[in-house]
Amino acid sequence: MREDFYVPSGCAVAGILNQDGKRISGEAIIRSIAVMHERSNGLGGGFAAYGIYPEFSDLYAFHLLYDKESKESEVEEILKKKFSIERVEAIPVRKSKEIGDHPLFKRYFLRFKGEKAQEEDEVVQMVMDINSRVEGAYVISSGKNMGIFKGIGYPEDIGRFFRLEEYEAYCWIAHGRFPTNSVGWWGGAHPFGLLSWSVVHNGEISSYGINRRYLQNFGYFCNLQTDTEVIAYLVDLLMRKHHLPLPYLKAALASPFWSDIEDMDEPEKSFYRAMRITYGGALLNGPFSIIVGFEGGMLGMVDRIKLRPMVAGWREETFYLASEECALREISPELDRLVPFQGGETIWGKLGEKVNYGQELAFSGV
Amino acid sequence: MAKSLLFPEFKVVRDENRCIACQVCVRQCANDVHIYDEEDDQVYSQEETCVGCQRCVTLCPTRALEVTKKEAGMRPNANWSINHLRNLYKQAETGGVLLTGMGCSEDYPIYWDHLLLNASQVTNPSIDPLREPIEIKTFLGRKEEFLDTDWEEEPPVLKTQLAPQLELSVPIMFSAMSYGSISYNAFRSLAEAAQEIGTFCNSGEGGLHPDFYLFGGNIIVQVASGRFGVHPGYLRAAAAVEIKIGQGAKPGIGGHLPGEKVSPDVSRTRKIPVGSDAISPAPHHDIYSIEDLERLILAIKEATNYKKPVSVKIAAVHNVAAIASGVVRAGADIVAIDGIRGGTGAAPQVIRDNVGIPIELALAQVDERLRREGIRHRASLVIAGGIRSSSDIIKAIALGADAVYIGTAALVALGCHLCQKCYTGKCNWGIATQDPYLTKRLNPNIGKRRLVALLHAWSAEIKEMLGGMGVNALESLRGNREHLRAVGLSREEREILGVKAAGEGW
């Protein structure tokens, strides 16, 4: 069923983060993404939820998608090489008339057996191995205390199919998809995940061809032919391997224009110049608005000339991101602040931190 | 001596009704094709020596002249072409190696013409360069894999120091063309244009005339096997140093500046006697292996205090990918690859037309090989060899080049008509000659203006094409072969190029 072609898509994205760490049910995010029904076409929807497995928070929660049930034992054999499987269960689903045939979903709670220092690299390697070598099985999430739920259908239907109202998370991210040709494969839906990163994306990455080749240099192999996959891997490379802190992610992925760098004062100027020279292959081009979920927060980012919409909003301790303002108003009619993104801007929120409003404009507006 | 069996290549047609016997053609032709007969008050032509440079045609004030290819009257023969016959007659008469100039003119496939570019529709908006910035700035030099940075500071403090970089405002440089092979005025036009545009020209293997030290910030100096004009001041004056191992027009052999072109000024610049042939050896006599190249790269870096990128120029030959990998591992910051269609001031015709491979294939293989080995960032790739237009350039970038060198195209902008007689020193356009009567025909101010105009035009076209693809920074196209599709190529050629067939989607 997996198709070997790339699928451009227009989409809806939404995210909710409770910065006090209070866990809320999936009901709100489903309502929020459902408002943007027109931005999807029923060919893909999905969610990432953080904080849903507190009782297993020190174990990797692998969500596996099986097109072929016969592959279960093969995957489990591979997993056992590096992990002890502490618990396996089918991910509960609810039959509905909106969602027809679907693959089998299972989740594994895994304890790593090897060297602590190599742990995350080993997990990445294992995900790459299963996804590229075992036909008919696909790891859709591989983080701790988080999980990705996705499939073919409108996002609100996918949310109910996975019974997300029964889960509680401090951060929810959602995606509704409008692919311009049908993938027919559940693994192609968003969010896209690796370790605890999850990415939802509205847009098309016109730099995909070089981003993919750039990542190969660092041992990341894109086997999904989707541009969202490269974003997830780039975030993992930059933040986990190269230690870029959140505020500087955009210096590589949505770098300032050379003319803006010229106008900077030292030492910023040299810093941004060096970043751009070094990370040219990581620059994301083309239209996008992205939400990146991670352990303890989420980040929104738009392309350098803002060819796709995104707004950020705050209400008390809750931070919201969405393609459209209506998605925020649906679940929080009153907002303390609402900020449309500017080109190349990142706005993020983290657990326990003071809210970060992004643009200075936001402060002056209050 | 017996009459030559060579027949004229060109036919000079003079419209007697238009000709006013003004003798412009007589004065313009360094090959003495046109002769004025005072008694008849008429101009006659002896076409045996005509090279088809079109100088007389262009300058004739009454448009009385036409120079066309002369059809030889022999019976057509697919095997024994006219060119073969001419060469046989020439060699039977002279007993020598046949020289020629400019790049290979044989009919080998030109892969640029089989590659098509992408554009955005609906799902991805195209970007309008008249309204949005489109960036084509390019940096050449070794790149870091990652930056060691103290992220605790605000702004973060870089602990990694970047390797020296050449900053290009356009991804286009002027190829190595030495003072000697080209005239002072031609060199000056290139240097001034490079400075105005914000790019680089290349000294070639000819040393640097004292007047050109001023432009050192925009000149890459070459160290070739003859070491003509190489001294510490020369290395220090330049923005970068290029070790020339090979040239696309003549892989495997050395350089040759015919004595006719070694004028007193050229002699001073090259440090060789006036009128002597400047023959550089085929290999560098201190480079017989990759380790030797590494020593020379290091020696040059030492001599320039590690402040300048060192480039290594090689010709595109069969095993070019592995060779380039070795060159990168030997410490080159830039690898310049020159394909079979690369130009020259003088080369044996048999070499020029038969040795080497097309640059497109070499580029695709080198880029892929370096990526597979995880060392692509350690050197920039500059390619050369028959780049004719902005579309060739953008396709080269999508295949994986960081920038291109243009030689012939720049000379054409200066007036070259590709007569391929550079080695005679009789260039009627004042480009590939040292004869003062001829060189003054090229005004360096006008030459510079024309080169600047060409690069402006190409930049604008590149931005249009980039914007159309929905890409607003050149680095997002570099090596991005998804934006290329092939027409009329075999599966094998497509695999070598790493490009899908037209009609295949993402």
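In which loop of chain A does Pro191(A) lie? Select Pro191(A): its loop runs between β10 (171–179) and β11 (192–194) of chain A. Before you go on, note that this is a predicted model.

**Stop 1: two cis bonds**

The peptide bond that joins them is cis, with omega about 0°. Now jump to Glu266(A) and Pro267(A). Their peptide bond is also cis, and omega is near 0°. Pro267(A) sits in the loop between α8 and α9 of chain A.

**Stop 2: an open sheet**

Select β4, β5, β6 and β7 of chain A. These 4 strands make an open sheet, in the order β5-β6-β4-β7, with antiparallel pairing. Look for the edges: they are β5 (83–90) and β7 (137–144), each of which pairs on one side only. From one strand to the next, the twist averages 25°.

Zoom in on β4 (residues 60–66) and β6 (residues 104–112) of chain A. They run antiparallel and are joined by 7 bridges. Pick Tyr66(A), and opposite it you will find Leu104(A) in β6(A).

**Stop 3: two helices on the sheet**

Helix α2(A) lies across β4, β5, β6 and β7 of chain A, at about 145° to β5(A). Helix α3(A) lies across β4, β6 and β7 of chain A, at about 165° to β7(A).

How do the two helices sit against each other? Two packed helices are described by the angle between their axes and the distance between the axes. Here the axes of α2 (residues 72–82) and α3 (residues 119–133) of chain A come within 11 Å and cross at roughly 165°. That angle makes α2(A) roughly antiparallel to α3(A). Their crossing is right-handed.

Show the side chains where they meet. From α2(A) come Val75(A), Ile78(A) and Lys82(A); from α3(A) come Glu122(A), Met126(A), Asp129(A) and Ile130(A). By class, this contact has 4 nonpolar, no polar and 3 charged residues.

**Stop 4: the end of β7**

Select Asn145(A), in the loop between β7 and β8 (146–151) of chain A. Is Asn145(A) buried or exposed? Asn145(A) is buried, because 21 other C-beta atoms lie within 10 Å and 20 or more count as buried. Check its backbone too: Asn145(A) has a positive phi of about 55°, although it is not a glycine.

For a contrast, go to Val122(B). This residue is in the loop between β6 (115–117) and β7 (138–140) of chain B. Phi of Val122(B) is near 60°, a positive value in a residue other than glycine. Val122(B) is exposed, with 9 other C-beta atoms within 10 Å.

**Stop 5: an enclosed hairpin strand**

Return to chain A and select β15 (residues 311–315) with β16(A). The two strands pair in the antiparallel sense over 5 bridges. Val311(A) stands opposite Ala322(A) in β16(A). The hairpin has 2 residues between its strands, and Glu316(A) takes a positive phi near 50°.

Now select β16 (residues 318–322) alone. Here 5 of the 5 residues are buried, so β16(A) is largely enclosed by the rest of the structure. Thr318(A), Tyr320(A) and Ala322(A) are buried on one side, and Phe319(A) and Leu321(A) on the other.

**Stop 6: where the chains touch**

Show both chains. On chain A, 38 residues are in contact with 36 residues of chain B. Color α5 (208–216), α8 (258–263) and α9 (268–278) of chain A: each supplies at least two residues of the side that touches chain B. The largest share, 6 residues, comes from α9(A). By class, this side of chain A has 18 nonpolar, 16 polar and 4 charged residues.

**Stop 7: inside chain B**

Select β13 (residues 219–223) and β14(B). They run parallel, joined by 4 bridges. Gln222(B) stands opposite Glu242(B) in β14(B). Both faces of β14(B) are covered, with Ala240(B), Glu242(B) and Lys244(B) buried on one side and Val241(B) and Ile243(B) on the other.

Last, select α4 (residues 184–197) and α14 (residues 444–468) of chain B. Their axes come within 8 Å and cross at roughly 45°. The two helices are therefore oblique to each other. This crossing is right-handed.

Key. Residues are numbered from 1 along each chain as its sequence is written. Chains are lettered from A and ligands numbered from 1 in the order in which they are written. This is a predicted model: local features need pLDDT of at least 70, side-chain atom pairs count only at pLDDT 80 or more; totals for chains, interfaces and linings use all residues. Axes are lines fitted to C-alpha atoms, for helices over the stretch in contact, and angles run from 0 to 180 degrees between N-to-C directions. Angles under 35 degrees count as roughly parallel, over 145 as roughly antiparallel, 65 to 115 as roughly perpendicular and the rest as oblique. A crossing is left-handed if the near helix is turned anticlockwise from the far one by less than a right angle, and right-handed if clockwise. Two residues are in contact if their C-beta atoms, placed from the backbone, lie within 7 Å. Ala, Val, Leu, Ile, Met, Phe, Trp, Tyr, Cys and Pro count as nonpolar, Asp, Glu, Lys and Arg as charged, and the others, Gly among them, as polar. Two strands pair if DSSP finds at least two bridges between them. A residue is buried if 20 or more other C-beta atoms lie within 10 Å of its own, exposed if 12 or fewer, and partly exposed in between; C-beta atoms are placed from the backbone.
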